[in-house]
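Please look at the sequence and the predicted model shown below, and keep both in view while reading.

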Amino acid sequence: MNWGGAGRDVAFGHPRSTGFRVARHNPPMTLAQEPAAAPTAPWELLSEHGSFGGVQRFHRHASAHIGLPMRFALYLPPPALHGQRVPLLVFLAGLTCTEETFTMKAGAQRVAAELGLALLMPDTSPRGANVQGEAESWDFGVAASFYLDATREPWARHWRMESYLLRELLPQVFQQAPVQRERTGIFGHSMGGHGALILALRHPGVFASLSALAPICAPMQCPWGQKAFTGYLGDERSAWSAHDASQLMRALRRAPYPQGILVDQGLSDRFLPEQLYPEAFEAACAAVGQPLTLRRHAGYDHGYYFIATMVEDHLRHHAGATAGAG
């Protein structure tokens, strides 16, 4: 992959195909267990754009774990274009979003360029699987993966986002992009905040830093989570707790992020009372001694004005938290 080069624009699209092999499920891993990347398919460059001295790229590749083409966005700051390996920060977007949403709305590239951070934005679900009911509602199916591996049919074949991210996309990025694996952080918004929290807690040592914006903190207690878990995992609630950030945190014997976790929540967020439950995660962190900075902001809602306001603090949190990693 040539990390420099002139920019070019290509039309975006989601081709429909089911011709790729589906990989089997794997358990959570730790940093000491080097993940073996799925066979590397070439990354198709859909477009690239100069941004604050770096480059914002949009890619598509064939995913073995999903069994379909997947898209992602990758921002490389100026040092990466000159041969320097840089820290990587993964952002997981929320319901209805794509790899474009945060990339184009949050304005994160300016600060990422200043701090020398690469940004990875995956899509939020498989697309083009043609599963019956996949697009019937905005909070389940397409763009609503909840970043887990489904075990219930008909979702189990393609809705395997946890395996895709941890065992395919990230290993490929570590191999093909000029980034530092040991200085990789993760954050997200709403459903993506839930995803960031559970992936970091389920895979200790993989991510050196963690934060979230208006995350779904206790999905077992909220309608979004109950709908997703029933559909993807079945009715047995014992399987749900492995994908609930508050339950996962409470089950730990010691703080997984002693340098601290940052969470921001708007108090004018209409989803706060029924769907998000930050107080549950706050209590879980307190129970195990996990340092948590939970900031509540009057006048801010659930949207991208809120994210754009807070994103600089999150990038600086990760830059500081990963500075001593490796």
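Strand S2 (residues 54-62) is mostly covered, since 9 of its 9 residues are buried, where buried means under 20% relative accessible area, exposed means over 50% and partly exposed lies in between, with a 1.4 Å probe and protein chains only. In a regular strand the side chains alternate between the two faces of the sheet. Both faces of S2 are covered: Gly54, Gln56, Phe58, Arg60 and Ala62 are buried on one side, and Val55, Arg57, His59 and His61 are buried on the other. Strands, like helices, are DSSP runs numbered from the N terminus, a strand being E with at least two residues and a helix being H or I with at least four.

This is a predicted model, in which local features need pLDDT of at least 70 and side-chain atom pairs count only at pLDDT 80 or more, while totals for chains, interfaces and linings use all residues. Residues are numbered from 1 along each chain as its sequence is written, and side-chain values use heavy atoms, with hydrogens and water left out.

**The sheet**

The model has an open sheet of 9 strands in the order S1-S2-S3-S5-S4-S6-S7-S8-S9, with mixed pairing; two strands pair if DSSP finds at least two bridges between them. The edge strands, each pairing on one side only, are strand S1 (44-51) and strand S9 (292-297). Neighbouring strands of this sheet are turned by 20° against each other on average, direction ignored, with axes being lines fitted to C-alpha atoms (for helices over the stretch in contact) and angles running from 0 to 180 degrees between N-to-C directions.

| Strands | Sense | Bridges |
|---|---|---|
| S1 and S2 | antiparallel | 7 bridges |
| S2 and S3 (residues 69-76) | antiparallel | 8 bridges |
| S4 (residues 86-92) and S6 (residues 179-188) | parallel | 7 bridges |

S1 and S2 form a hairpin with 2 residues between them, and phenylalanine 52 in that turn has a positive phi of about 55°. S2 and S3 form a hairpin with 6 residues between them, where glycine 67 in the turn has a positive phi of about 80°. Helix H5 (residues 191-202) lies across S4, S6 and strand S7 (209-213), running at about 135° to S6, and helix H10 (residues 278-288) lies across strand S8 (261-266) and S9, running at about 155° to S9.

**Aromatic rings**

Rings of Phe, Tyr and Trp (its six-membered ring) pair if their centres lie within 6.5 Å, and planes under 30 degrees apart count as stacked, over 60 as edge-to-face and the rest as tilted. By this rule the count comes to 12 aromatic pairs. One of them joins tryptophan 155 and tryptophan 159, which are edge-to-face at 5.0 Å centre to centre with 85° between the planes. The rings of tryptophan 155 and tyrosine 232 have their centres 6.0 Å apart and their planes at 85°, so this pair is edge-to-face. Tryptophan 155 lies in the loop between strand S5 (118-122) and helix H4 (161-176), and tyrosine 232 lies in helix H6 (residues 223-233), 77 residues apart, so that the pair links distant parts of the chain. Phe140, Trp155, Trp159 and Tyr232 form one aromatic cluster.

**Cysteines**

How many disulfides does a search of the whole structure find? It finds 0 disulfides, a disulfide being a pair of cysteine sulfur atoms within 2.5 Å. For cysteine 217, the nearest cysteine sulfur, that of cysteine 285, is 8.6 Å away. Cysteine 217 counts as buried because its relative accessibility is 1%.

Conventions:
Contact means heavy atoms within 4.5 Å.
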